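Welcome, and please load the model in your viewer. We will start with the whole chain and then select a few places one by one.

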Amino acid sequence: MNQASDGLYTVLIVLVRAAVRFGPRSREDLLLACGGAVDAVETNQLKQTLNRWTELGLFSGEDGADVCIAERYRSDLGKTADEAERRLPTILRTVAMLAENNERFWERERSKSADLSRAISWMLAQDVYALDGNVKKLAVLEEAQIADSTKQTIGKNDTRWNGLKAWMMYLGFARDGMQWVVDPTHALRDALPDIFASRKELSAPAFVERAAAVLPVLDGGAYRVQVEAALRDTAWPRLRAGLASSSLSRALQRLDREGFITLSDRSDTEGVVSLTGSNGRTWRDVSHIGLVQAGMDR
């Protein structure tokens with residue numbers, strides 16, 4: 001989230017395109033291929049972005065070896081730079097949310113991508129219809145909700161809040177238009193193949209559980225649970241069992257309307273998930289979720 005030292009996603013796109021197009025290169029040659037010798041290019045941003053995403057495991061090439069896309073992500077990114085750019089947000093969500101990149105979840109130093117995971121989790125836990133995206137108001141809300149701000153932080157300062165908002169849009173957890181809003185629709189859509197696997201339909205509770213395993217910032221996910229445990233009950237009303245957050249509910253409704261999934265409520269089933277709309281009202285009960293079309297180009 002600290003764009004000054006962790007780099008920018010726009011710079012990362014350039015680095016990935018170059019790495020895919022030219023293959024393994026020395027660090028110096030890769031930076032030069034991305035404009036490192038051009039006066040108008042901020043070389044520090046190139047270096048810092050490459051450093052951070054090498055640390056997180058997207059790139060290999062430490063200790064003087066040639067830099068390239070790590071083998072575990074190479075085939076998923078595709079063979080061309082255009083393919084790689086199109087698929088990159090999905091790969092970055094995977095990298096950023098790996099357990100090994102979130103081990104120091106509440107620590108401020110050497111926490112890798114934990115600051116991003118906990119901040120996205122916190123945003124998705126809010127009432128998305130009442131949330132004000134102004135960075136000053138987000139800071140006030142964080143102060144009110146976090147029980148022990150000496151040990152646990154979310155945004156910390158304006159630079160990090162703005163970094164979070166930019167990353168959430170790029171990774172599919174927010175969208176921009178008349179105003180910036182929290183909306184995980186794109187991230188959830190891209191995760192549909194992993195959620196359903198070989199199935200064409202899941203019970204709604206099973207879908208929510210699988211979605212949380214793939215995207216642990218969603219309802220019930222490992223990172224979301226840790227963040228919610230740090231919030232004051234007096235400042236953040238906890239959802240009852242079986243009630244989806246407004247952020248997840250928004251995404252499910254949109255995917256249903258866009259034709260990616262079907263939401264149904266069968267009266268002869270026991271387990272249901274209730275979707276939450278504005279002002280905390282219940283939109284509908286859902287017992288089963290069916291896959292109509294996968295959301296990611298693989």
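**The whole chain**

Of the contacts in the protein chain between residues at least 6 apart in sequence, 62% join residues at least 24 apart; a contact here means heavy atoms within 4.5 Å. This is a predicted model, in which local features need pLDDT of at least 70 and side-chain atom pairs count only at pLDDT 80 or more, while totals for chains, interfaces and linings use all residues. Residues are numbered from 1 along each chain as its sequence is written, and side-chain values use heavy atoms, with hydrogens and water left out.

Switch to a cartoon view and you can count 13 helices and nine strands. These are DSSP runs numbered from the N terminus: helices are H or I with at least four residues, strands are E with at least two. The radius of gyration is 20 Å, close to the 19 Å from the globule rule for 298 residues, so the chain is as compact as a globular protein of that length. That radius is taken over C-alpha atoms, and the rule is 2.2 Å times the number of residues to the power 0.38.

Now colour by burial: buried residues make up 50% of the 298. Buried means under 20% relative accessible area, exposed over 50%, and partly exposed in between, with a 1.4 Å probe and protein chains only.

**Stop one: helix α7**

Select residues 114-124, helix α7. How many of its 11 residues are buried? The count is 11 of the 11, so α7 is largely enclosed by the rest of the structure. Among the buried residues are R118, W122 and M123. To see what they pack against, show α6 (81-96), α8 (135-145), α9 (158-170), β4 (181-182), α12 (222-229) and α13 (246-257).

Next, select β7 (residues 273-276) and β8 (residues 282-286), antiparallel strands joined by four bridges. Strands pair if DSSP finds at least two bridges between them. Look for L275, whose bridge partner in β8 is R284. Five residues lie between the two strands of this hairpin, and in the turn N279 has a positive phi of about 60 degrees.

**Stop three: T10**

Finally, pick T10 in helix α2 (residues 9-22). Its relative accessibility is 43%, so T10 counts as partly exposed. Draw a C-alpha to C-alpha distance from T10 to L263: the two are 36 Å apart in space and 253 residues apart in sequence.
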